[in-house]
Amino acid sequence: MNGGKKLSIILFGGDFDKALAAFTLATGSASVNYEVNMFFTFWGLNMVKREMGRRFRGRSGPARLFNFMMGGFRNLPLSRFNLLGAGPRLMTGMMKKNNVAVLSELVEAAKLLKIRFYACEMAMHILGLTKDELIPEIRDVIGVAGFLKLSEGGQVLFL
Amino acid sequence: MNGGKKLSIILFGGDFDKALAAFTLATGSASVNYEVNMFFTFWGLNMVKREMGRRFRGRSGPARLFNFMMGGFRNLPLSRFNLLGAGPRLMTGMMKKNNVAVLSELVEAAKLLKIRFYACEMAMHILGLTKDELIPEIRDVIGVAGFLKLSEGGQVLFL
Amino acid sequence: MNGGKKLSIILFGGDFDKALAAFTLATGSASVNYEVNMFFTFWGLNMVKREMGRRFRGRSGPARLFNFMMGGFRNLPLSRFNLLGAGPRLMTGMMKKNNVAVLSELVEAAKLLKIRFYACEMAMHILGLTKDELIPEIRDVIGVAGFLKLSEGGQVLFL
């Protein structure tokens with residue numbers, strides 16, 4: 001029983017800093033007993049690809065190109081000052097130095113806190129991804145109607 | 001009667017992918033009987049300009065410059081991997097290949113589903129745009145207070 | 001008494017246009033009697049640094065580098081067409097010409113309307129900022145749990 005408190009996050013952006021914000025909000029909310037749902041769509045799917053590096057995926061040429069360019073969890077850029085990929089590493093260093101949980105720890109915490117992960121059906125179609133290519137923590141691949149049902153009566157944030 | 005379910009989307013960003021997300025959320029919600037309001041502001045106004053191409057608009061020099069740079073519906077860039085404008089076309093091709101409704105179809109669906117379109121008064125002032133320059137489906141040009149009234153009691157997303 | 005109407009804005013992005021949208025929504029809502037809370041995090045902290053210009057802050061090298069690159073209120077870039085910093089000035093000119101309140105006026109209005117400003121604890125840790133370096137209008141430095149409590153029962157937007 002959490003008195004109906006619920007937070008649903010649509011994770012559309014694929015930036016390192018957006019991911020940080022999303023998982024901080026998610027774990028912070030779950031730890032004060034909110035029910036938390038995360039819906040990964042579009043660039044956000046990068047965070048839940050099973051292979052964390054850059055890789056060709058999908059069958060069509062454009063899908064393969066996009067998936068390669070997007071990369072995976074290890075290739076999330078900073079939305080500003082990416083510095084050719086050094087930005088996220090600098091940021092992670094700054095977080096460790098200040099005893100702030102780094103992104104990968106926040107993702108682990110999210111799993112432990114039983115935050116529910118969902119992937120967006122349409123975005124997966126467009127990018128030619130299958131459920132097998134996503135981390136096993138993804139409970140389901142759902143569309144807008146499914147997401148609305150999950151998030152009903154709670155707060156919804158689009159990141 | 002939809003039991004008071006309502007979704008209001010503030011469309012601030014002018015990216016092709018944001019537009020895709022906005023219209024997918026809007027049409028998906030409307031098709032399960034949500035009342036849906038879309039409020040176009042700032043870069044989002046590009047999606048509802050009557051002329052879909054690049055064009056000088058507004059009277060002052062800076063307004064004309066911004067409107068030309070922003071372009072219209074046909075000039076929406078991808079937020080990542082725009083590839084000098086090839087990105088949105090590649091994406092549209094990927095959508096067609098996978099039988100996903102492309103952006104222009106989603107906009108048409110939104111009109112058929114009676115989703116209500118509103119334009120932001122302040123952003124129009126800044127960019128020197130008049131209601132005549134927007135598509136006729138724009139019901140009204142409103143400010144923040146008007147938007148709050150419309151969206152009261154429902155979900156609000158900022159894209 | 002405002003009948004419980006409440007708007008909470010998480011200001012994550014540090015763009016001039018996002019700031020404009022945030023303060024327009026905030027002041028517009030406050031002026032029709034909404035209780036408004038603004039939660040500044042990550043790049044959004046730039047808007048509430050006491051020194052408005054570019055400056056080294058924090059103790060570690062990376063923190064100093066990031067703070068310098070981010071700058072302060074006077075260095076907010078436009079998310080598109082920044083034109084090496086000329087974009088925000090052009091935009092401000094367009095706003096003045098059309099009698100629209102410019103960003104600095106909106107911030108002043110927010111203070112007068114008693115909109116409450118909060119800073120994000122974690123982001124301040126990462127960037128090595130202390131409360132002394134923020135404007136005095138910041139009521140408190142809070143975390144996610146604190147923010148959830150403030151925003152409960154109202155609308156929450158992530159910008």
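**Cavities and pockets**

Guide: Start with the lining of the largest cavity. By class, 12 of its residues are nonpolar, two are polar and none is charged. Keep in mind that this model is predicted.

Visitor: How many cavities of 30 Å³ or more does the structure hold?

Guide: A cavity is a space from which the probe cannot get out. The structure holds four of 30 Å³ or more. The largest has a volume of about 140 Å³. Its lining counts 14 residues, and the closest to its centre are A:Ala21, A:Thr24, A:Leu25, C:Thr41 and C:Cys120.

Visitor: Which element gives the largest share of that cavity's lining?

Guide: Look at α1(A), which gives four residues, the largest share. Helix α1 (16-30) of chain A and α5 (121-127) of chain C each supply at least two lining residues.

Visitor: What is the volume of the second largest cavity, and what lines it?

Guide: The volume is about 110 Å³. From chain A, the lining has Ile10, Phe39, Thr41, Phe42, Cys120, Met122, Val144 and Phe158. From chain B come Ala21, Thr24 and Leu25. The largest share, three residues, belongs to helix α1 (residues 16-30) of chain B.

Visitor: And how does the lining of the second largest cavity divide by class?

Guide: Nine residues are nonpolar, two are polar and none is charged.

Visitor: How many charged residues are in the lining of the largest pocket?

Guide: There are 11 charged residues, beside 17 nonpolar and nine polar ones.

Visitor: What about the second largest pocket: what is its volume, and which residues are the closest to its centre?

Guide: That pocket has about 560 Å³ of space. Of its 31 lining residues, A:Gln155, B:Gly154, C:Gly153, C:Gly154 and C:Gln155 are the closest to the centre. By class, the lining has nine nonpolar, 13 polar and nine charged residues.

Visitor: Which element gives the most to the lining of the second largest pocket?

Guide: That is α6(B), with three residues. Among the elements that each supply at least two are α6 (144-151) of chain B and β1 (6-11) of chain C.

Notes
Residues are numbered from 1 along each chain as its sequence is written. Chains are lettered from A and ligands numbered from 1 in the order in which they are written. This is a predicted model: local features need pLDDT of at least 70, side-chain atom pairs count only at pLDDT 80 or more; totals for chains, interfaces and linings use all residues. Side-chain values use heavy atoms; hydrogens and water are left out. On a 1 Å grid over the protein atoms alone, a cavity is a set of points where a 1.4 Å probe fits but cannot get out, and a pocket is an open set with protein on both sides within 12 Å along at least five of seven lines; lining residues have an atom within 4 Å of a point. Grid points are joined across faces, edges and corners, and a volume is the space filled by probe spheres set on the points. Ala, Val, Leu, Ile, Met, Phe, Trp, Tyr, Cys and Pro count as nonpolar, Asp, Glu, Lys and Arg as charged, and the others, Gly among them, as polar.
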